[in-house]
Amino acid sequence: MKRVFGIKKETQPAPSVQDASDRINKRGESVEEKIKRLDAELARYKEQLKKTRPGPAQEAVKARAMRVLKQKRMYEGQRDMLYNQTYNLDQVSFASEGIKDAQQTMAAMKSANKELKGMMKTVNIQDVDNLQDEMTDLMDVSNEIQETLGRSYGVPDDVDEEELMGELDALEADMEFEEGVPSYLQPDKEPDLDSELSMPSAPMGHAPMPAGRANPQAEDELGLPAVPRASLRG
């Protein structure tokens with residue numbers, strides 16, 4: 001059967017853009033190495049031309065240098081062509097990667113859209129509104145309960161502020177009246193110990209002479225009995 005129908009040949013997969021770009025880059029690196037070797041050879045010929053005198057030897061060196069220069073120009077053309085091909089492949093690769101990213105983004109968005117639709121089926125906007133209204137009512141009732149529990153007992157609700165201000169003014173007037181009350185109407189105060197313990201002050205000046213004493217004796221400026229002048233002479 002194989003001889004009649006033959007064997008089906010296995011088809012090789014088409015090269016990818018990355019494979020083609022890698023191959024061209026390798027060729028470009030090879031050409032770049034050849035150009036570097038030719039540059040080194042041209043530098044050597046340049047030194048030989050400086051050292052040789054004009055004549056057949058110098059012309060032979062010039063001919064070899066011309067041949068090397070032509071090869072260099074050829075390789076430089078190939079290198080530029082390979083670089084252009086690499087640039088084109090990079091552009092294609094960039095576009096291909098952009099399409100792949102767009103496909104993945106679209107797949108992710110479709111999956112998220114499907115998931116959101118399934119989740120929205122379990123949530124009703126009317127239920128959400130009703131829940132919010134119930135929560136608002138519960139919070140209002142809670143505030144009313146707190147205000148009721150915090151209310152003071154025995155305090156009338158209908159208190160007139162003007163009446164309270166009048167009572168406050170009357171209280172201030174009473175306080176001013178108490179400050180002007182006479183001493184005998186003021187409450188007793190605690191005795192001042194410092195005033196009770198204070199000693200009487202020493203008498204100043206001459207003491208009064210007793211009424212029944214006659215011929216008072218003269219005194220000096222210090223209050224002492226004056227010494228007679230006769231005693232001072234003797």
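1. Lys-72 is a residue of helix α3, where helices are DSSP runs of H or I with at least four residues and strands are runs of E with at least two, numbered from the N terminus. Because its relative accessible area is 18%, Lys-72 is classed as buried; the term buried stands for under 20% relative accessible area, exposed for over 50%, and partly exposed for what lies in between, computed with a 1.4 Å probe on protein chains only. When residues up to four places away in sequence are not counted, Lys-72 touches Ile-35, Leu-38, Asp-39 and Leu-42, a contact being defined by heavy atoms within 4.5 Å.

2. On the basis of the note: this is a predicted model, in which local features need pLDDT of at least 70 and side-chain atom pairs count only at pLDDT 80 or more, whereas totals for chains, interfaces and linings use all residues. Residues are numbered from 1 along each chain as its sequence is written, and side-chain values use heavy atoms, with hydrogens and water left out.

3. As to the overall fold, the chain holds seven helices and zero strands, so that, by the DSSP runs used here, its pattern along the sequence reads α-α-α-α-α-α-α. Of its 234 residues, 9% count as buried. Among contacts between residues at least 6 apart in sequence, 62% join residues that are at least 24 apart.

4. The pairing of α2 with α3 deserves a careful look. The two helices pack at an angle of about 160°, with their axes 8 Å apart; the axes are lines fitted to C-alpha atoms, for helices over the stretch in contact, and the angles run from 0 to 180 degrees between N-to-C directions. That angle makes α2 roughly antiparallel to α3, since angles over 145 degrees fall in that class, while those under 35 count as roughly parallel, 65 to 115 as roughly perpendicular and the rest as oblique. The crossing of α2 past α3 is left-handed, meaning that the near helix is turned anticlockwise from the far one by less than a right angle, clockwise being right-handed. By class, this contact has 18 nonpolar, eleven polar and twelve charged residues, with Ala, Val, Leu, Ile, Met, Phe, Trp, Tyr, Cys and Pro taken as nonpolar, Asp, Glu, Lys and Arg as charged, and the others, including Gly, as polar.

5. The largest nonpolar core has twelve residues, among them Ile-24, Val-31, Tyr-45, Val-61, Tyr-75 and Leu-89, and α2 and α3 (56-121) each supply at least two residues of this core. Such a core is a set of buried Ala, Val, Leu, Ile, Met, Phe, Trp, Tyr and Cys residues joined through side-chain atoms within 4.5 Å. Val-61, leaving aside neighbours within four places in sequence, is in contact with Tyr-45, Gln-48 and Leu-49.

6. Two further residues of α2 can be read together. Ser-21 has its place in α2 (residues 17-51) and counts as buried because its relative accessibility is 6%; beyond four places in sequence, Ser-21 touches Thr-86, Leu-89 and Asp-90. Val-17 is also found in α2, but at 29% relative accessibility Val-17 counts as partly exposed, and its contacts, with neighbours within four places left aside, are Leu-89, Val-92 and Ser-93. Val-17 and Thr-86, 69 residues apart in sequence, have a C-alpha to C-alpha separation of 9.9 Å.

7. Finally, Gly-77 lies in α3 and, at 39% relative accessibility, counts as partly exposed.
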